[in-house]
Amino acid sequence: MSETRYDAIVIGAGVGGLAAAALLAKAGRHTLLVERQPALFGTLAPATLSALDPRLAKMLKLAKHGFGYAARDLPLAAPNLLLSRDRHATARSLASLMPTDAAAYTVWRREMLSLAKALRPAWWDGKAVAEVSLKPAQRVLLDRLTVSSAIAHLCARFESDALRAALAFAAAECGAVPSEPGSALALLWSAAQEANGAQGAVSLPKGGVLALLRALSDAAQAAGAEVRTATPVARLLTSGGAVTGVELAAGESIETPLVFCALGRRHTLATLLPPAELGLGTARTLARPVEEIGNAVLVFALSAAPNLPAPPDARFLIAERPEIYESAFAEARAGRNAREPVLELVREEPTRLVVRVWPVAPSYARSDLVRTVTLMIERHASGFANLVVSADLLEPETTAPVPLERLLASAQSRIETPLRGLYMVGADAEPANALSGRAARLAVALSQKARPR
Amino acid sequence: MTMSIRATPFHARAADANRGNLWAQRGRFTLASEYAGVAQEAAAARFAVAMADISWRWRVRLEGARLRELTQRLFTKDPNALEPGQALKALWLADQGGVRGAGVVARLARQSFELTAACEDAAWIGAAASLFAVTLTDRTEEEGGLALIGPYAEKLVATLGLDATLAPLAFRAVSWKGLDVTLTRFGEHGGYEIWCKPDDAPLVWDRVAAAGEPFALQPAGLDAMDLLDLEAGVPRPGRDYDGATAPDAAEPLAGALRLASLIDGDHPFNGAVQAHAHLPRRKLTGLLIDSDTPAPFAPVFLAGKAVGRTLSSRYSPFLRRAIALVQLDEAHAAPGTALSLTLPSSRGALPKQAAARVTDLPFIPPPASIPA
Amino acid sequence: MTDRYDAAIIGAGADGLTAAALLARAGQRVVVLERRAEPGGRLVTREFHPGFRAAPFADALPPVPDDLFRRLDLARHGAWRAPAADAVALWPDRFAVVPRRFEAEAEARRAAALAHAALPEPPAPPRWNILAKPAADIWPADDWTRASLADLAEADAPLLLDAPALDPFAPGTALRLLSKPEDGPWRGGLGGLGAALLAAAREAGAQIACNREVGDIRSENGRVTALATAEGGDIAARAVLSTLDLKRTFLSLFPWSALPSATVKQIGAFRMQGSTARLLCALSVRPRSPLLAALPRGAVHVMPDARALVDAHAAWRAGIISEKLPLTLRFPSRVDPGLAPTGGAVMTVSIGAVPHTLFDGVWTNEKRNLLTARALDAIEQVFPGIGATIVGLELLTPPDIEQQLGATAGDLDGGEIAPDQMFAFRPGLSRKSPRTPVQGLYLAGPSSAAGPLGTCAAGAIAADALLADLRGGTLP
């Protein structure tokens, strides 16, 4: 007999949901996590991690639950280009590409990391970016980044197309469209991240991102959170502008004063609430169609290690010119497969290649996608197609591109909702789309402030 | 009192064209106040050609034994020197010298004049006529009139198959493709007028509309015509001054309406002595207001002292500001003089002061006609 | 030319003539140097086929601000304007009148933006961050700057624009509305406005010299001293006001060594890319659409569709002549019959998404014919039979526009309209815009801060700044 009353209910077992459940349970709340899928985590996930909230990792003692890094600080490689933490190697690579860029890159990177560091308190503790005090030169740079597109910004700083395209990837990775105004700020957000102790770094967890999910789930269950899979939520129950419970698709109602939802904000507000709960105007806004795009993860099992022109531990990026982003995103928006998407290749194991594909429209053609990607890789690693044993596709979750507001706004405005007791902890509660779990940490803190035990 | 629609002969066509269904009363009639917006209609009168229903104008025929004496006594210019087919503009004044009305006096024949005016004054002129055994026949409803105004009016008239060679203030009765019409050039804005029998009016409208298409013909309503009057600096009785509604006034003098040129000093018309007397001099001139809000009939100030008042005022889309006719003490009527006035307030807002500047009339000179 | 002028103005277009009129009226000695034989810049109406006249580069521009229009007394000089008419979207089987619901809002924003552009000094950088500031703090710190046209208007935003090359779903595209609503049509086309400005400048005593191309701006110690004309001979001036675009002004009129290298780099990175071609058509009879009762007075957008715009934009980026072209038709003779012989009509076509540089080389005759044919095919669908009535045609591709108007890359907007290129983010201006890093050089023209917002406005702003400096003694 399942219970009908909890202190808190978490909807969705992604990084945000699991982290919220673990933190709530640790804080002594009687917590239930509900997940729509029959299993807690699938078998596919991106390979790399560029953003995990270090404070969350510490609070939940994730290392004790088996989380660790297999490779740290992955270099970024592209045809004829290698950007790594080794400054000399990077300089050599850039010098052969475009000598002026080698010097420009060092200056740019220093400026970005320093400004990103100054902004970290805002993004990590939930303040709005405008409230951070900055040096005048930093403020000028920030002002410019907030109105520029990543590509325009990079084109103004660098001359080599390969470098521009490689760096623009950071903006695409966190959900911005690199050709659109404001996406330059996403470069900064990316530089602010900390993985494995290094700022702006990308790391490969042991066992991939799935291992992170497992560790979070262990932490949650160890702290006493209850988990129910195959349990879709039909709607939220409300009264007087506050959440009072959750109605499951099976018909059962569960009482709770606190709901942490790891689904998209729009989806949650538009479909899980009684009609017009938030007002007719808001309902109209929510009902407007939004061009959603996302990225797909393709996992290739190979019969032998592929012959990629990059060090084995590097992320290999296929995006040769910055214009690619614009045309690919335009095609995705039009609901088509991009003729030439942007690919990030990571060798999780010597014969297991995890490929992230940007951008993918909700109505993309699956089989074409696998073929396009295989052919694109073949161009850079001859013989690749013959090595493919299987190709599995992780269904993409598409979202609206990250708007600039989210990067600039306070955490409160992203996490809180007009409904008391409802907190957002999904990817779009973060400043940019990321698996950091930071929204969950901030949401739990906000809820404790609002309703101390 | 009941309001009823009094249709002009062109009403059916005007109703079709008047998509906004905006109507106003003028004279005895109900006319479209705008068809496509004042600015567009006024622009047509300056760029192309505008067509306005002027059937509302008061028209009376004067015939009788002592016609010569009457007209000399009544009008500020003597029409007896005119040949049939010619006309002149003249005023008629009250005994004290105030302007009662202005109109065009046309000589139809040796013993027949017709007065066309923007304001009725039947009682006054009728009484005068009876003293001279002259009969006054109201012909207002005997004909419909369409005015064609704009640089392409002449080309349009020629395209219609009418002989456009007609001097200003001349007229001609013609047979036009089976219709008897009179073509006149009496208007203040140049252009032509076609007068026809009421039954023929829809056909005339249709012919003009069809022939006008290549010239971007646009029907113009009363509002646009008022704007054109204002931009041309033409005051109108009933709108800018009391005229016939004030029985025997000393004001306004012709000079204060910029109509002094319509007075012929040599012949003894009614009110002549007073009109020439030395009275405090006021002058009609133009006022450019630094605002979009018109200020009709408002006092205007120079350094806090009232120096005159505005008459009609409208927003001029050509000048992109409100303009007004203004009657000023002559000492302060020089172009460029900076004045101020209070704008009417709306919806409970506090009245606002606006700066204004004196300018010569007309505000905008009429466009040159494009010859046929 | 004997001694020094107070101000030498490069370019006798809207801004140059405006500045000349205002400066001369204030008692300054002013000369305007115009490269072409006729003054007016884009404010010209010329005969492109015997008896048919049209403004070659545009039919409608952003409005001349009302107070400036009054200040220049343009109505007295003959600039007469008819009200802008509703635009119509026309398909072979249906039509729609484009809603004007944004016009009042756009008008207010444009006015606010102009007020900003006229600020003698932009606010300090933290306050000038137009996107990070909360709404209602300073203009345009709200969603307009980052909104896309599609957001703003749901479906019909793309219809509001004349043949652009843009992705209406991209953030920042709503900024385009700032150059709306449009002004006019003017009597005699845009040339009517040009003639009035010329009359105003001449009446004020400004000297207008045509056929005088400026080759160099001479400077000494970071201070402007003279203009060197291509024909030879220097014209000494205390100040120079350039109405050319940024790139022309700085990259072609100065030796690069005369400018700070950071400025040169920023101006080099300023994005300017033409996207509009113009097709001027002389028609023997007035065209008829089976759907419309009368020929529209305003713009006719031919089969506008947001998706087609996206595709056209992608093709434009790639340097390809798009299969489907954004087309906007206007019939100037519909309002001013003097522009065509009696019975005939003038049709101008703004073709959007036309690349300045084609991916496979230059604009050959075949390419020009292809573009013309594609445009006319589409027009034929909404005005059946119109092709047979065309008696004269003139096509202006972006390179033609560049050559004739002197606009870099044929960009009629003076630079891509994007949030990082607007207002204080325009390079080449000092903090005291419209002043520049070179003392005595003032920037008006399309690339100045006010350039895309209003016609003549940038010229007036630059003239006012120049006058303040002449009187304040900052200029020797």
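Two residues are taken to be in contact if their C-beta atoms, placed from the backbone, lie within 7 Å. On this basis, the contact between chain C and chain B takes 17 residues from chain C and 19 residues from chain B. The side of chain C that touches chain B divides into seven nonpolar, three polar and seven charged residues. The model is a predicted one.

Two pairs of chains touch, and the pair with the most contacts is A and C. Here 25 residues come from chain A and 25 residues from chain C. H5(A) supplies the largest share, six residues. By class, this side of chain A has twelve nonpolar, four polar and nine charged residues. Chains A and B do not touch. Their nearest C-alpha atoms are 29 Å apart.

Within chain A, H6(A) also packs against helix H7 (residues 161-173). The angle between the two is about 145°, and their axes lie 9 Å apart. The crossing is right-handed. H6(A) contributes Ala150(A), Ile151(A), Leu154(A) and Cys155(A) to the contact. H7(A) contributes Arg164(A), Leu167(A), Ala168(A) and Ala171(A). Seven of these residues are nonpolar, none is polar and one is charged.

Chain B holds an open sheet of five strands. The strand order is S5-S6-S7-S4-S8, with antiparallel pairing. Strand S5 (87-93) and strand S8 (134-138) of chain B stand at the edges; each has a single partner strand, so one side of each is left without a neighbour in the sheet. From one strand to the next, the twist averages 30°.

Inside this sheet, strand S6 (residues 99-109) of chain B pairs with strand S7 (residues 112-117) of chain B. The pairing is antiparallel and runs over six bridges. Val104(B) has Thr116(B) of S7(B) as its bridge partner.

Two helices of chain B are placed against these strands. Helix H3 (residues 67-74) of chain B lies across strand S4 (58-64), S5, S6, S7 and S8 of chain B. H3(B) runs at about 135° to S4(B). Helix H4 (residues 122-131) of chain B packs on the sheet and touches S4, S6 and S8 of chain B. The direction of H4(B) makes about 150° with that of S8(B).

Terms used. Residues numbered from 1 in each chain as written. Chains lettered and ligands numbered in written order. Predicted model: local features only at pLDDT ≥ 70, side-chain atom pairs only at ≥ 80, totals over all residues. Helix = DSSP H or I, 4+ residues; strand = E, 2+ residues; numbered from the N terminus. Nonpolar A, V, L, I, M, F, W, Y, C, P; charged D, E, K, R; others polar. Axes fitted to C-alpha atoms, helices over the stretch in contact; angles between N-to-C directions. Left-handed = near helix turned anticlockwise from the far one by under 90°. Pairing = 2+ DSSP bridges.
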